[in-house]
Amino acid sequence: MPSPAIEATGLTKRYGDETAVDGLDLSIPQGTVYGFLGPNGAGKTTTMRMLTTLTKPTHGTASVAGAPIDDRDALVERIGYLPEEPPLFDELTGREQLEYIAGLRDLPPADATERIDSLLDRFGLADDADKRISAYSKGMKQKAGIVQALLHDPEVVFLDEPTSGLDPRAARTVRDTIADLAEDETTVFLSSHILSVVDELADTVGVLFKGDLVAEGGTEALKKRAETGEQQSLEDVFLEVTTEVDGT
Ligand SMILES: Nc1ncnc2c1ncn2[C@@H]1O[C@H](COP(=O)(O)OP(=O)(O)OP(=O)(O)O)[C@@H](O)[C@H]1O
């Protein structure tokens, strides 16, 4: 069996007295889409920041695409990350931004140009590529952020609310792209509050609540009620496992 694309053992992050992520264990096979759910403040962004080397865990270990998270150089070339606010330079044009990132990623210029053109085209940004990012709408920035995360064809992609701010056509392109990535054996770690997107795309869903993984399983299995076997929606599952139970 190949080793998992994302593996975490006891991953914990504390901020002072507050535990944002509490002993998280993950084992996510290559080529799957993992839907990462949880209410606001559950610890999803903190988890993604630890797995992408942007913040150090207080305890625990993890590796992504075979690289341990304390080996930043090895890890960053194998992953792409779309955070909630894509890191873009306002003063650059879209194309300049992507060329800059391609340079940081050491992509050969000819390959980079071809890849940038094809992704700009795919995301409907080609006509705006020579405008400054300061003149981009929220959705255009989001598209540029997605292109940037995928530019170097990473083995594992972390996407935080990838369809946020996108019009229906662009949101569809993102969903199709995620399906294509998984088809090509890329692993996608997808955090979203839009449960229909997760339901459509995820092979496995994990639900984080107050830093704990309170439910995890195949999307269909998770939606099947244990007692009766009847189907419920992902929203029902989410609400059930993230509700405080009094007296326990
Ligand atoms: N830099 C920080 N300093 C102190 N506390 C932090 C910091 N970053 C996150 N936290 C706390 O950690 C907890 C988890 O936050 P996190 O941003 O990971 O949640 P989230 O699940 O991504 O939420 P959302 O869905 O709202 O984006 C929250 O209680 C938050 O206040």
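Close-up 1. An oxygen atom of the ligand sits 3.0 Å from an N or O atom in the side chain of N40. Keep in mind that this is a predicted model. E18 also takes part, with a polar side-chain atom 2.4 Å from an oxygen atom of the ligand. For T46, a polar side-chain atom lies 2.5 Å from a ligand oxygen. On its own the ligand has 640 Å² of accessible area, and the protein covers 62% of that.

**Close-up 2. Who stands around the ligand?** There are 13 residues around the ligand, and E18, G41, K44, T45 and T46 come nearest. Sorted by class, the shell has 6 polar, 4 nonpolar and 3 charged residues. Helix 1 gives the largest share, 3 residues.

**Close-up 3. Helix 1, mostly under cover.** Take a look along helix 1: 6 of its 8 residues are buried. Those are K44, T46, T47, M48, M50 and L51. Just past the end of helix 1 comes T53, which takes a positive phi of about 70 degrees.

**Close-up 4. Strand 6, covered on both faces.** In a regular strand, side chains alternate between the two faces of the sheet. Here, I79 and Y81 are on one side of strand 6 (residues 79-82), G80 and L82 are on the other, and all are buried. Strand 6 runs parallel to strand 7 (residues 156-160), and 4 bridges join the two.

Close-up 5. The whole structure holds 7 salt bridges. In one of them, the side chains of R95 and D117 meet at 3.0 Å, N to O. R95 belongs to helix 3 (residues 94-104) and D117 to helix 4 (residues 109-122), so this pair ties together parts that are 22 residues apart in sequence. R95 also meets D130 in a salt bridge, this time at 3.6 Å, N to O. D130 lies in the loop between helix 4 and helix 5 (138-150), so its pairing with R95, in helix 3, links parts 35 residues apart in sequence. How covered are these residues? R95 is partly exposed at 22% relative accessible area, D117 is partly exposed at 34%, and D130 is exposed at 59%.

Close-up 6. K223 and E220 form a salt bridge, their closest N and O atoms being 3.4 Å apart. Both lie in helix 8 (residues 219-223), 3 residues apart, or about one turn of the helix. K223 is buried, with 8% relative accessible area, while E220 is partly exposed at 47%.

Methods:
Residues numbered from 1 in each chain as written. Predicted model: local features only at pLDDT ≥ 70, side-chain atom pairs only at ≥ 80, totals over all residues. Heavy atoms only, no water. Near = heavy atom within 4 Å. Polar contact = N/O pair within 3.5 Å; in protein donor to acceptor, adjacent residues only side chain to side chain. Areas by Shrake-Rupley, 256 points an atom, 1.4 Å probe, with all protein chains shown as cover. Nonpolar A, V, L, I, M, F, W, Y, C, P; charged D, E, K, R; others polar. Buried < 20%, exposed > 50% of the residue type's maximum accessible area, 1.4 Å probe, protein only. Pairing = 2+ DSSP bridges. Salt bridge = Lys/Arg side-chain N within 4 Å of Asp/Glu carboxyl O.
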